[in-house]
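Here is a short briefing on one protein chain. Keep the sequence and the 3D view open as you read.

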Amino acid sequence: MKKITTTFILFLFTIAAFAQYEITIDAYILDTETKEPIPYVNVEFLDKDIKAVTDASGKFTMSFDEGWVRENDRFQLLANGYKTVTTEMSKLKKYLSVSDKIYLRANDNIVKKNKLKGTVSTQKNLSIQNATVRIKNSFTVAHTDFDGVFSISAKVGDTLVVSYLGMDAKEVVIRNRNPLDIVLNPNTELLNPVTLKGKKKEKKPQFVDTGFGKVTLDSFGSSTIISSEDIGPQHIYTSDVLRGSVAGLFVYNGGTNTVPRYSISPRRSLTSGNFTPIDSDSQTLMLLRGESVQVYYDGFPFRGSLDDIELRTIDNIVILKSIESTILYGGKPTILITSKNRFLKKDANGTIVNTALATNNDYKERIPLIYNVDEKPMYILELESAKTYAEAIEIFKKQQQNANRNTIPYYLDTAEYFKRWGKDKALGILQNIEVLAEENPKALKSLAYKLEEMGEFEKAKEVYQRIAVLLPNASQSYRDLALAYKRAGNYQESLDLYIKMLTDSFENIDFSGLEKPLLSEMQQLLRRHRVELDYKDIPSNLLKATFKYDVRLVLEWNRPDAKFEFQFVNPSQKFYTWEHTLSAKKDRLIDEVKNGYHMEEFIIDDTNNTGEWIVNIKSLEEEDNSNPTYLKYTVYTNYGAPNQERSIKVVKLYKHQQKVTLDKINYQSNTSSSLQR
């Protein structure tokens, strides 16, 4: 284990005329037996708004004014699977004056499980990341890491079921404790070919606007080509991509060269006409082997700053350097930049036409509301016969004796029923899921969704921390943690996570599929909680969020390869369907499963379609009801504004093979919108 050199720090400084001091605690929390760091330990002073969370190295930092905490105030450490430690500030100071390490002991009822290890790969010896390994007829699940390695609490005689999108599932009976080497075969009917670690995705054709016509990207064999797939989250500006792309290419942005890397200031609108030479410091200077480079953007000469071109709108960049390739451009080194929207269909006014909404999409269906089709299960009808809480709990105990009741839907449904007797009663029911499915991320996500729906964000945070331990290689784990920290009031930890994700600071974890919602959520955090945050290392212009969403819809599901469709109907009775299936979004589902994320955001903003928007949902598969797929549907109105409102709903996706109306939104542009339930 890496040697720990950071020491506990107590430092004091004078503030103005007051003898006021600040206390900063830097310490590590470790396991008593293994001496390994414990991540996601919740650290706080009880009855004070002073709290922190340990990072992956077990470290936490806590700063507060001396007058906020007295000698007898209580300090608490809370972590899943460990005994809670509570002590007084006076004792804490004495302890940390000689050590920067705090040790936690595992709960007495936690049995040290003998883990079985193994690997999952293909016939060609390619490791499979995020394959699911579960013990048959149980809730015990594990997932493979970046190298295809897994570790699961299994015993001799258990049957493992190993599965991955596009591969035939395999059952393996455990004969001994030796490590397993499991090979999966592609299911050619489902997916051909399968994209796994070490294999590149099939590329769709990309086109370049040369100024002399539309040409395929593959036509520039001898030139340097940068496609949108080569542009990663580490690139902030267009100049970032070009620097170092070609030997001898020098890129200098003049005055804009000092713009902070995290700048999100609005980009100037780019038009193709009326270009005039620019001699200001903002013009990009580029030299290739001492010769000036000219730029064409969407087929027209471009003489402004390259960084005025929004990086995420670029489809490809072609750098022409040979005399043969530049002859059409006067023989000078030339860079061709083509936007993603260049070849999309446009109307007479130049507005891009969304072909999904253009034809054959008149909405003529009559769809029932979700509330009118959800039938109550028999166990809920039995509970509703109770006249008192005591009677209800007796019925519940009898129901639990039936092994068929040991399911996630049963505990979520009965918890909803017990809310009538008090939220604490419902939370007590939900604790059964933590015991039943302590090693099942899918079930734990269903639990976390329900806790968020109930407004129990601190408890939801603890569940998401548990999931992050189980799925350390899944990008969604860290996004969920960042959002949970924000909702639980751990604003600094939330901001730190968002920055790390957006700067690609986690080894072997790809956050590109979540980049858009991550940026939206970080901006919203900065806008609403700037006072509580330490943002000295973040450029000031990042604090001025440029977005404004009238309505933001966020859809999350607890299984990356879930199959469903999400449909919007606008006030003009035109519909758009977003289908989450392998046939409709093959590359998307492969990427979700491989990198471990499962969410999408939809924006209704500044549209002329004011009035009622309808949101429909439909499951496209049948599932076993013991641990089925749930959706978390979150609606924000006036997102990021002082009058922002939020609504969270948990949806039983597995119940709706027939389309149902999930929501109706009364949208008024530039004014508040409302939800109709």
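Five bridges tie strand β8 (residues 115-122) to strand β14, and the two strands run parallel. The model is predicted. The protein chain holds 15 helices and 33 strands. The points below start with strands, then move to a loop, a helix and the whole chain.

- Strand β14 covers residues 180-184.
- Val120 has a bridge partner in β14, and that partner is Ile182.
- Ile182 belongs to the covered face of β14, together with Leu180 and Leu184.
- The uncovered face of β14 consists of Asp181 and Val183.

- Strand β5 spans residues 74-78, and strand β6 spans residues 85-88.
- These two strands run antiparallel and are joined by four bridges.
- Arg74 stands opposite Glu88, which lies in β6.
- Six residues sit between the strands of this hairpin.
- Gly81 takes a positive phi there, near 90°.

**Glu439 in its loop**
- Which helices does the loop with Glu439 lie between? It lies between α9 (423-436) and α10 (441-453).
- Is Glu439 buried or exposed? Its relative accessible area is 8%, and buried means under 20%, so Glu439 counts as buried.
- The side chain of Glu439 makes a polar contact with the side chain of Lys115, at 3.4 Å.
- Lys115 falls within the range of strand β8, residues 115-122.

**Helix α11**
- Helix α11 runs over residues 457-470 and has 14 residues.
- From its first C-alpha to its last, α11 reaches 20 Å.
- That span is close to the 20 Å expected at 1.5 Å a residue.
- Buried residues of α11 include Phe457, Val463, Tyr464 and Ile467.
- Lys461, Gln465 and Arg466 are also among the buried residues of α11.

**The whole chain**
- The protein chain has 677 residues, and 48% of them count as buried.
- Take the contacts with a separation of 6 or more: residues 24 or more positions apart account for 64% of them.
- The chain exposes about 33,300 Å².

Note on methods: Residues are numbered from 1 along each chain as its sequence is written. This is a predicted model: local features need pLDDT of at least 70, side-chain atom pairs count only at pLDDT 80 or more; totals for chains, interfaces and linings use all residues. Side-chain values use heavy atoms; hydrogens and water are left out. Two strands pair if DSSP finds at least two bridges between them. Buried means under 20% relative accessible area, exposed over 50%, partly exposed in between (1.4 Å probe, protein chains only). A polar contact is a pair of N or O atoms within 3.5 Å; within protein, one must be able to donate a hydrogen and the other to accept it, and residues adjacent in sequence count only if both atoms are side-chain atoms. The expected span of a helix is 1.5 Å times one less than its number of residues. Contact means heavy atoms within 4.5 Å. Accessible areas come from the Shrake-Rupley method with a 1.4 Å probe; for residues, only the protein chains shown count as cover.
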